[in-house]
Amino acid sequence: MHAPDGFLTAGTAMATGAISVSTVTIALKQAKGQMTEKMVPLAGIAAAFVFAAQMFNFPVAAGTTGHLLGGALAAILLGPHVGALVVTVVVVVQALAFADGGLTALGYNVLNMAIIPAYGGYAAYSGFRRILPQGRRGVVGATGLAAGVSVIFSAAAFAIQWLFGATAPVPFDTVFGAMVGVHTMIGIGEGVISALTVGAVLSARPDLVFGASDLDRAQLEESDRAPLRVFVIASVLVTMLLATVVSQFAVDGPDGLEAVAEDTGFISSGQEHGLTDSIFADYATTGINNEGLSLAIAGAAGTIITLAVGYGLFKALRPRGKVLGH
Amino acid sequence: MGVGHAHALYVHEHSIIHRLPPETKVLGVLLFVAAIAVTPREAIWAFAIYAAIEVVVVISARVPFTFVLSRLLTVVPFVLFALFLPMIGEGKDVVFVGIPLSSEGVWSMWNILAKSVLGATASILLAASTEVPDIVRGFGRLRVPAVITGIASFMIRYLEVIAGELTRMRTAMVARGYDPRWLSQARPIASSAGTLFVRSYERGERVYDAMLSRGYTGEMPAIDSHTTSAGEWAVALFLPLVAIGTAVTAFVTL
């Protein structure tokens, strides 16, 4: 998702840039309070960890691999502020030193790859923790679900930015369906790996998991680990459910409209140029007919993401008893 | 989703571009890329000027053209997306060799191709002519908060160490017959990721203790006494200003 220069309009780049800069300023202030003078060395080496973790290739399906994005994982291990800051530094250095992602695209790349996964992922994590049982299994399960959701959040956020700053005549629902569809698959891998990683850290140094700092050692030492297979099957089921809901919006909507059009008879005139057999021909009409629906999906998804990021920020800004580390 | 970033893009040379102070190059590249990003896509001649500027920089930095081309591979997924735009764009109003295309889609394809390739080339040239710690120092001199540049320098300094640990873990796994095909075999990857995090964090604490014993108070000492001359600024900003002039002309004439 390292978008290059010119992918969205200059206005969108500037608007997302302003949002990113102001959120990073808040994160910087809060992270300083959390880590005090240890901040620079600890966050720096944590950033190197996230950078290296993105080199871990994990299997997505037979033969293909994806790699960890790490935004939600960093937020759960280090806290959302330090997590957001650390992933921001990673994304900026990737653009500058490795030419991965455009320099004028940094506004939306930082927003989509660092801020939304970190704060949105942390909000989802706090939510899932409430539902799931307290203790080790709850932490691991909530991490997996939140990490998966965080990837879908960033894919949806990108599609919404496309609605405002598209540089190509591709309708929002096509981009939304494609982005969210592909990233649901990536989200499964992200969720499984993040959950198991947090599980491994909990076994070795439970005090290092920021998201579990409300639990004491006894609660974390229960030994019954949920079998991995169960976890994978559960996450696939959740994802398929999500994908079905999304595809209802993205695909069935236009089909429904077309059905109505056919019933009322005004689609017959569409046959004349002989292109209606092509899959792509459909998009041209659906994009226009479907503007209201597109806006509705974008609005709903945008509200959910903004609420999640806002909740994550709020949750993280509340004073808390424990400080990271020991 | 890209590939790993094991090596930076630096090309060791002694060119005029390599010698420029990093902050002038960083600001120059940012201005140049911003000019490209705001240029209207119909001004094809403007993009030709930008490309010519980049060719001049490639030659004067003595960076091999093949190196630049090989590093441009990071934009490939987006280029592929752009190539499909004439086919999936709305409103098929042109027919080219029997294929109905959207002229709006063709323009979009051109826009994304031109801007992403020119922008990535500019980033590659900055990274090829400036060592990574110098890029960070350049940002510091451009008044980016010291905490951010500090985190970035630490990250860069320890990246090789941590990536090296990762590589050894992976080698050990492969040597024991690990060959993941399915997601249910992901546990070894995750437990090594967890171990790597704990090791990195503990290394961070040791580094902090070592710094503390050498008098660290939370701020890195300033050992940077270079002052950049007006001449160096002029050399570095000349081509970016030409690009800005081009962008303004493109705006006015369209």
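Domain bounds are those of an automatic or database domain assignment, and on this basis chain B of the predicted model is divided into domain 1, comprising residues 16-138 + 228-253, and domain 2, comprising residues 143-213. The centres of domain 1 of chain B and domain 2 of chain B, taken over C-alpha atoms, are separated by 34 Å. The C-alpha atoms of chain B fill a box of roughly 65 × 55 × 30 Å along the principal axes, and the radius of gyration of chain B is 23 Å, whereas a compact globule of 254 residues would have a value near 18 Å.

Chain B contains 10 helices and two strands, which follow one another from the N terminus in the order α-α-α-α-α-β-β-α-α-α-α-α. Of its 254 residues, 41% count as buried, and among the contacts in chain B with a separation of 6 or more, 78% are accounted for by residues 24 or more positions apart.

Along its course, α10(B) bends by about 40° at B:L237, and a proline, B:P240, follows within four residues. B:P240 is also one of the buried residues of α10(B), together with B:A236, B:A243, B:T246, B:A247 and B:A250. An α-helix has 3.6 residues a turn, so residues three or four places apart point the same way. The cover over the buried residues of α10(B) includes α2 (22-38) and α3 (44-60) of chain B.

Key: Residues are numbered from 1 along each chain as its sequence is written. Chains are lettered from A and ligands numbered from 1 in the order in which they are written. This is a predicted model: local features need pLDDT of at least 70, side-chain atom pairs count only at pLDDT 80 or more; totals for chains, interfaces and linings use all residues. The bend at a residue is the angle between axes fitted to the seven residues ending there and the seven starting there. A residue is buried if 20 or more other C-beta atoms lie within 10 Å of its own, exposed if 12 or fewer, and partly exposed in between; C-beta atoms are placed from the backbone. Two residues are in contact if their C-beta atoms, placed from the backbone, lie within 7 Å. The radius of gyration is taken over C-alpha atoms; the globule rule is 2.2 Å times the number of residues to the power 0.38.
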